[in-house]
Amino acid sequence: MSTTRASIRWIRADLRVRRGQALLTVLAVAGIVTALITAATLLEDGTNPWRGLFAESRGAHVWIHTKDAPDVTALSRLHGVTQVAGPYRTAPVMLTMDGKKSPVALRGMQVRPPSVAAPLIREGRWLRSGDVDGVVVERSFAEALGLRVGGPFTVTALSGASHPLVVVGLADTADQGFYPEWTPGLAWTLTTTLARVEPALGRSESVTGLRLADGEDTLPVAHGAVTLLAEKIQRMSTWREVRASMELDNRLLGLLLALFGVTGLVAAALAIVNVVGGRVLTQTRDIATLKSLGYTRSQIFGLLMAEHGALGLLGIAVGLVCGQIASSFALDGMPILPLSSVPLLSIIGGTAAVVLVAVALPAWRGGRTPPIPAAPAAPPKGRLSRVARLALLVRLPPALVLGTRDAFTRRVPAFLSIFGLAVPMMMITIGLGVWATLDDFLHHPEQVGQAAALTVRPDKLTPEDAARIVGADPEVQAAYPGSEVSALEPEQTRSVLARAVGTSAQPYPFSVVEGRMFAGRGEAVAGQGLLDLLGVKIGDRVRMTVGGTPLIVHIVGRVVEPDQDGEVLSLGLDSLAAKDAVPPQFYSLVLRPGADPAAVRARLLAASDEGLEVHRVVNPAERLEVVRVLIVALIAVLALLGLANLLTASALGLRDHALDLAVLKAMGLTPGQVAATLVTGTGLLVVLGVSAGTAAGASLVGGLIDLQGHTSGVGAGIGRTPSALTLLVAVLVAVGAALLVTLIPARRAVRAQIPVAVR
Amino acid sequence: MSPPPPPIVNTVNLVKIYQNGGVPVPAVRGVDLQVEAGQFVAVMGPSGSGKSTLVHMIGGLDARTSGEIWLDGKRADTLNESAWALLRRQKIGFVFQFFNLVANMTVADNVELPALLAGASPREARERREYLLGELGLADRADAAPAQLAGGEQQRVALARALANRPSLLLADEPTGNLDSRNTRDVLRLLSEVHRDGQTIIMVTHDARVASLADRVVSLLDGEIVDDGAVGPARRRPRATAGDVVELRG
Ligand SMILES: Nc1ncnc2c1ncn2[C@@H]1O[C@H](COP(=O)(O)OP(=O)(O)O)[C@@H](O)[C@H]1O
Ligand SMILES: [Mg+2]
């Protein structure tokens, strides 16, 4: 097309004078695309690394830890079991690295990797027959401790003997979760090496994996194994626990991002309409000149589309790159499958369409600019808006009245500006609400069902001794005995967790948000996920098998339940059959306010001579820390969008005013008053937009988080609105920054001598 | 014997009626105007007499209400907006009272723009620009921004831009209306020079002394031609026009 060269000159010249604004557009679009791509990656099914690892390693669904090697033939005959991994002899050893000690399970293996649950070598190599000192380390453990192939791996056996081993490889596995969520760390050596490190058979255990035809059969197989091995079983883990421990709460994160991304896209579209529209308005004269030189309407349209559309598309391209980076950052370098092409293409296509439509509207208007450049594009004026008349009525200073009048002389841009500021502000408020909710999780874990900071299992001690040691600690406020069994509703094929902690008379402080706490035998409270699963309401009675014993459960309340998708039944120990309740499997410790869980844990371990197994309860908010990074990043993007809107509104106001400045001065307004007039015009839009956005965000955020809580099974009752102080500060910062941004050009304009004639 | 060449501009009963909030405002009321190739026509009249409207219609910037416009023997008033734009690109150059240089572009880019628009290669456009700016004494300002130029210089750049495509018709709407006497003299000297080289010019002015430079003065009043006459040869001494202006302006 013959206009191409001329258009390129124009675009280059225009971009040169508004580099900042152009950069703003690119960054804003890039931010939105980044959010959307990260959201889609997180929401896509393949993000949990467990899925890939389990498939690749042909993992075992159930792992059984026994004192001695179990009867493999009997296990393999259990209905649903297809293959057996092991049994492997495993010894607990202590790894000493830089003076720090970390417990490790050292597992004896053969030179030939097993066909089921084979460790997946990622670096280095698998064990060879001559590797008397060789060890292959589970990768997340190695990364956490900074272990490298070829590096030392000095372990101390229970006997106290030290053995200098050498790392020959790093491997991924689906046998257990990632370190440090899952402890102890895992390392593989040849059986001969293991026999040398820990010759005493009594100090080691036997680990056997069962691979099933169908993962859904896990529970019956586990029951079968328990029946078969009975007392020999020390503990058992299933693929569900491994998967859950690897999960980063990707869905919540993804949904949050998607919400931000989609609303951000709306905000970006508004910002683009405003920015391009404002630019076209300020360029009316130049566009008219181009037309007088022979540009047609459609060529002007094409020119504007090319310039502003290209910025948007560049933003999309940058966003694509950033999206990949952000996704891998959010997943913390875990092996992720790249986003498949359908969501990727729909994000690119959708964003491109939104951007192009947003550009097309003002570009179309630009194309219709009349070609007579001399015609001054003065704003419609003369009439005082209703707001301005109100301002006059309440006797505001003249600058305010004039500014108020000007704010609405161009109605559509004024409302677009308000809207364009309100949408980002609303999202910022929602972001702050999510932040407040996370804070609440951390500072008041009891409100999200995590009153206990530590869980203690008697392990090598008797339950009585454990209770005594725990009770003697000064910082333990209360220790609730508890047991976990599986519960099955007759019509359900899937079992759920039944957690008995405390007794009906002295229940564990669950956070009951609906109904009441259980207070008698047979009464129970449930998480939202369980209520939904069973299709029952509070007050219903359900016939269930709890720990193998039939029980009619009276559900009297709903608790906030962050575990197991909310599919947990909580009840008193006295509701369980005696075989499950006595002795209790563990104690849940509620600490005194201000107590440091790590210190208490260390003290309990010391007091019991390492005989107790003490676990810190992981607060779900700790796993959601990445959300905070996200909120900060999104607030930055949204602030950029707001800024883009603001600069446009301010430039438009200035442009409309450039003509009036001399008149205003002639009317007797001081330079200060003139500047105030200019700032008031934009400032009023800012105040309206920011207040509307904050109000909308504050009224939405609690509901949104509760909705998310409901669908994720945690249940409503966790959503928090940011505190009034936070909101006030946010509003003040937004308005203050906005006024500053408008004040600078206003003052410059007032100082500059504007020739009256150039109109 | 071949027929005489058609006039560059021929308007037949040209009428423009603006609608101002429902009230019809007749700006041009039946103008018949022929301009032959190589003529320099000044259009005079008091403010609001319809001078700008007439020139805008001849250049296709404004649509006529009724009547006919013929350019170079071809009917032009029935053209649509894009066809008018193409026509302007090739045949018409505009100079406005307020210069209307594209503020963001350098002087060089402003002058090269029409040539590029008409499909010239960047080299052709550059050569033409260098020639024009050289002729207008602006060669050293090529990389300046329009805002850095004085009013007279800006108008000379606008003139260079208007002439970039060797238009068959140059339309100038009060080209000196915003200039001081020195710059007026410069611009007028340039206009008469290009006219001497054969350029057809229609120039709007309300300054009789400026109009005296033209071959012919058309006077408008309330949208109608009230006087149309060649400037007497006694008043028009060829080759001394610019000096006249200097004398007139004092
Ligand atoms: N866009 C317009 N809308 C309405 N009336 C107009 C418009 N442009 C010019 N007019 C009116 O048409 C008449 C002629 O205007 P114009 O051609 O600009 O006169 P001149 O250039 O001789 O001063 C004036 O009365 C003017 O008010
Ligand atoms: Mg005029």
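**Labels and the values behind them**

Analyst: Glu475(A) is partly exposed, with a relative accessible area of 27%. Keep in mind that this is a predicted model.

User: Why is Glu475(A) called partly exposed?

Analyst: Buried means under 20% and exposed means over 50%. Glu475(A) has 27%, so the label is partly exposed.

User: What makes Glu475(A) and Arg603(A) a salt bridge?

Analyst: The cut-off is a side-chain nitrogen within 4 Å of a carboxyl oxygen. Here the closest N and O atoms are 3.2 Å apart, so the pair qualifies. Glu475(A) sits in the loop between helix 16 and strand 12 of chain A, and Arg603(A) in helix 19, so the contact ties together parts 128 residues apart in sequence. Arg603(A) counts as partly exposed at 33%.

User: What is the exposure of Asp172(A) and of its salt-bridge partner, and how do you know that they are bridged?

Analyst: The closest N and O atoms of Asp172(A) and Arg122(A) are 2.7 Å apart. The limit is 4 Å, so this is a salt bridge. Arg122(A) has 34% and is partly exposed.

User: Which residues take part in the network around Asp172(A)?

Analyst: Salt bridges with shared partners connect Asp172(A), Arg122(A), Glu56(A), Arg139(A) and Glu143(A) in one network. Over all chains, the structure holds 37 salt bridges.

User: Is Glu523(A) buried or exposed, and which residue does Glu523(A) bridge to?

Analyst: Glu523(A) is buried, because 14% lies under the 20% limit. The bridge goes to Arg516(A), with the closest N and O atoms 2.8 Å apart. Arg516(A) is partly exposed at 38%.

User: What makes Glu174(B) stand out in its backbone?

Analyst: Glu174(B) has a positive phi of about 45 degrees although this residue is not a glycine. Glu174(B) lies in the loop between strand 7 and helix 6 of chain B. The relative accessible area is 12%, so Glu174(B) is buried.

User: What about Asp222(B)?

Analyst: Asp222(B) also is not a glycine, and has a positive phi of about 50 degrees. The residue is found in the loop between strand 9 and strand 10 of chain B. At 46%, Asp222(B) falls between the two limits, so it is partly exposed.

User: How do you know that helix 6 of chain B has the span expected for its number of residues?

Analyst: Helix 6 covers residues 181-196, which is 16 residues. From first C-alpha to last, the helix reaches 22 Å, close to the 22 Å expected at 1.5 Å a residue. Its buried residues include Asn183(B), Asp186(B), Leu190(B) and His195(B). Just after the helix, Gly198(B) takes a positive phi of about 105 degrees.

User: Why is Thr289(A) called buried?

Analyst: Its relative accessibility is 0%, under the 20% limit, so Thr289(A) counts as buried. Thr289(A) lies in helix 10 of chain A. The C-alpha atoms of Thr289(A) and Ile372(A) are separated by 7.3 Å, yet the two are 83 residues apart along the chain.

User: Which residues line the second largest cavity, and what is its volume?

Analyst: The volume is about 100 Å³. The search of the whole structure finds seven cavities of 30 Å³ or more. Helix 2, strand 6 and helix 5 of chain B each give two or more residues. The largest share, three residues, comes from strand 6. By type, the lining divides into six nonpolar, three polar and three charged residues.

User: Where does the label "transmembrane region" come from, and what is the secondary structure there?

Analyst: The label comes from an unreviewed UniProt entry, and its spans in chain A include residues 414-438 and 629-654. In the model, residues 414-438 are 100% helix, with end C-alpha atoms 36 Å apart. Residues 629-654 are also 100% helix, and their ends lie 37 Å apart.

Conventions
Residues are numbered from 1 along each chain as its sequence is written. Chains are lettered from A and ligands numbered from 1 in the order in which they are written. This is a predicted model: local features need pLDDT of at least 70, side-chain atom pairs count only at pLDDT 80 or more; totals for chains, interfaces and linings use all residues. Side-chain values use heavy atoms; hydrogens and water are left out. Helices (H or I, at least four residues) and strands (E, at least two) are DSSP runs, numbered from the N terminus. The expected span of a helix is 1.5 Å times one less than its number of residues. Buried means under 20% relative accessible area, exposed over 50%, partly exposed in between (1.4 Å probe, protein chains only). UniProt positions are given in the numbering used here, feature names are shortened, and annotations may be inferred rather than shown by experiment. On a 1 Å grid over the protein atoms alone, a cavity is a set of points where a 1.4 Å probe fits but cannot get out, and a pocket is an open set with protein on both sides within 12 Å along at least five of seven lines; lining residues have an atom within 4 Å of a point. Grid points are joined across faces, edges and corners, and a volume is the space filled by probe spheres set on the points. Ala, Val, Leu, Ile, Met, Phe, Trp, Tyr, Cys and Pro count as nonpolar, Asp, Glu, Lys and Arg as charged, and the others, Gly among them, as polar.
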